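Biologist: Could you walk me through this one before I start picking at details? Please begin with what counts as a helix or a strand.

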Amino acid sequence: MTAQQLKNSILQMAVQGKLVPQDPNDEPASVLLERIRAEKERLIKEKKIKREKNPSVIFKGADNTPYEKIGDEVRSLADEVPFDIPDSWEWVRLGNIGDWGAGATPSRTNPEYYGGNIPWLKTGDLTDSYIDAIPETITELALEKTSVRLNPAGSVLIAMYGATIGKLGILSIAATTNQACCACFPLGGLDNKYLFYFLMAQKPLFIKQGEGGAQPNISKEKIVSTLMPVPPLEEQRRIVVMLGQIFPIIDAYSKCKTELDLCNATFPECLKKSILQEAVQGKLVPQDPSDEPAEALLERIRTEKQRLIKEGKIKKDKHESVIFRRDNSHYEKLDGVEHCIDDELPFEIPKSWAWVRFSDIAVFENGDRSSRYPVESDYVPDGIPFFGAKDMGEKYMEYSSVRFITPQKFEELGNGKLKDGDFVCLLRGNVGKTRIYKENEKYHTGFICAQMLIIRCIESSIQKYVYTVINSQYYCRAIESEITGTAVRQLPAKEVANILIPLPPLAEQRRIVQRIEKLLPLVKGL
């Protein structure tokens, strides 16, 4: 049950006489209603309020059934009353318990009407609580010349129009309102807080009554014709005290439930991020001293990279760097110059691991940006997949709605040709979003658009671990720090290549990946 449902249930108990016990010593509600009628007659004679066109009186018959008398007509309300009430209570129309009136908006074209010392409330100012400050004011002239109504402190307000229907407030100060707000000053001593809670209980009904038009609204007439159960005055006060004790507890419950729902909603993703972060810091699986160290893996990668350069398959880096350890510190040798990079390292890693630049272990290739880039006439119903941002699935590049180019156009294009296992990184818009290209039985290659970057691991055995790094919080923050542009977010490919990657021994990489492949499905199940 939500907090609001709980509130509604308790309010319903309150207005049915089920929240607090009845006391036979209480003055019955019928006496209170007589005082209200007497005060109303006095105010009518003093011309402070107007008499209703068709005033009604509700009374109990010999069989305890409520009847209503309007003029000379008497009718049973047995089919209209929504529930039974205690014997000491009475039914009454809302219009009969106080002085009701709607507000108005003084003409905005007359500057003399605004900026005075009389508060003027709009329904957006209603807070479902006491109102002791209202931002906008009108002048005495506006009060004199327009139909705006000054409501005394203690008046209960209810919104009648739009999304705020049923929104409430109790004035702590005298104030006027706009026409979207209806106000009631209770007579005869009726507890305004009880009226406030009754109207709160009626909110779902008022909202339902307001449905159906271009803009939902209820009228003053609908409000004042609503049947209200009136308890003895002392019981009203007991109800108000009880609700005042219960509602703060419900509000606290609501806050806790909101926080719990948020926790439940975000916990799986937070746990996933935590697991991946532990993985790239060497804390997810234990190190094994018998593992071949990461440096040996790096040597093989460097050898393979040199072979690919010699064969002309990849280009040599203009500023190739080597990171190494010396006296428990990390140094980088770049263009023959060594410098300490300890301040650049985001966290400590195990001694068997190594820090590398992404470009040390992978090849980076942009999509073709030349004049040979496909135009509309180059696309065909089937051919070579040409991937764009819309084709990035949950983990893999998707074929379901991809466009195709001819094999001839594919051969004309330069950079951007995919191989199985390549990572595809988005450089514009949702920058850093990275997915895996996986060939299938029909398509064994593809092409990326100019806003994408291919990341190809030099050693295929490290692909799964590298994907773990790419999905870690550390990597995402590193990407975020390199984004340029505001209207259109962009990520320079060279900055991706320059990111520091924590590289474990190959055997530990495999243990990390196996552990993640077991844990993440469990997390997703949460």
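Modeller: Helices here are DSSP runs of H or I with at least four residues, strands are runs of E with at least two, and both are numbered from the N terminus. Please keep in mind that this is a predicted model.

Biologist: Fine, then how far apart are Lys 409 and Glu 412 in helix α9?

Modeller: Lys 409 and Glu 412 are three residues apart in helix α9, which covers residues 407-412, so about one helical turn separates the two. Their side chains meet in a salt bridge, at 3.3 Å from N to O.

Biologist: Is Lys 409 buried or exposed? And what about Glu 412, buried or partly exposed?

Modeller: Lys 409 counts as buried, because its relative accessibility is 10%, and the cut-off for buried is under 20%. Glu 412, on the other hand, has 42% relative accessibility and counts as partly exposed.

Biologist: How many salt bridges does the structure hold?

Modeller: The structure holds 39 salt bridges. One of them links Glu 34 to Arg 37, with the closest N and O atoms 2.8 Å apart. Both residues belong to helix α2 (residues 29-45) and, being three residues apart, they are separated by about one helical turn. Glu 34 is partly exposed at 48% relative accessible area, and Arg 37 is also partly exposed, at 28%.

Biologist: Which residue forms a salt bridge with Arg 75?

Modeller: Arg 75 forms a salt bridge with Glu 68, and the closest N and O atoms are 3.0 Å apart. Arg 75 is partly exposed, with a relative accessible area of 33%, whereas Glu 68 is buried, with a relative accessible area of 2%.

Biologist: OK, on to the sheets. What is the strand order in the open sheet of three strands?

Modeller: The order is β1-β2-β3, and the pairing is antiparallel. The edge strands are β1 (56-60) and β3, each of which pairs on one side only. On average, and with direction ignored, neighbouring strands of this sheet are turned by 25° against each other.

Biologist: How many bridges are there between β1 and β2?

Modeller: Five bridges pair β1 with strand β2 (residues 66-70) in the antiparallel sense, and among the residues involved, Val 57 has Lys 69 of β2 as its bridge partner.

Biologist: Which residues make the nonpolar surface patch of about 220 Å²?

Modeller: That patch is made by Val 57, Phe 59 and Val 74. Val 74 has its place in strand β3 (residues 73-76), and Val 74 is partly exposed, with a relative accessible area of 45%.

Biologist: And the open sheet of four strands, what is its order?

Modeller: Its strands follow the order β18-β25-β22-β23, with antiparallel pairing. β18 (362-366) and β23 (434-436) stand at the edges with a single partner strand each, so one side of each has no neighbour in the sheet. Three bridges join strand β22 (residues 423-426) to β23, and Phe 423 has Ile 436 in β23 as its bridge partner.

Biologist: Which helix lies across β22, β23 and β25?

Modeller: Helix α10 (residues 463-470) lies across these strands, with β25 spanning 452-457, and the helix runs at about 20° to β22.

Biologist: Changing topic, which way do the residues of strand β20 point?

Modeller: In strand β20 (residues 384-387), Ile 384 and Phe 386 point one way while Pro 385 and Phe 387 point the other way, and all of them are buried. β20 pairs with strand β21 (residues 403-405) in the antiparallel sense over three bridges, where Phe 386 has Arg 403 as its bridge partner. β20 also pairs with strand β24 (residues 447-448), in the parallel sense and over two bridges, and there Phe 387 has Ile 448 as its bridge partner.

Biologist: Last one: where is Pro 268 found, and what is it in contact with?

Modeller: Pro 268 is found in helix α6 (residues 233-280) and is buried, with a relative accessible area of 15%. Leaving aside its neighbours within four places in sequence, Pro 268 is in contact with Val 523 and Leu 526.

How values were computed: Residues numbered from 1 in each chain as written. Predicted model: local features only at pLDDT ≥ 70, side-chain atom pairs only at ≥ 80, totals over all residues. Heavy atoms only, no water. Patch = residues over 30% accessible without salt bridge, like charges linked within 9 Å, V, L, I, M, F, W, Y side chains within 5 Å. Areas by Shrake-Rupley, 256 points an atom, 1.4 Å probe, with all protein chains shown as cover. Salt bridge = Lys/Arg side-chain N within 4 Å of Asp/Glu carboxyl O. Buried < 20%, exposed > 50% of the residue type's maximum accessible area, 1.4 Å probe, protein only. Pairing = 2+ DSSP bridges. Axes fitted to C-alpha atoms, helices over the stretch in contact; angles between N-to-C directions. Contact = heavy atoms within 4.5 Å.
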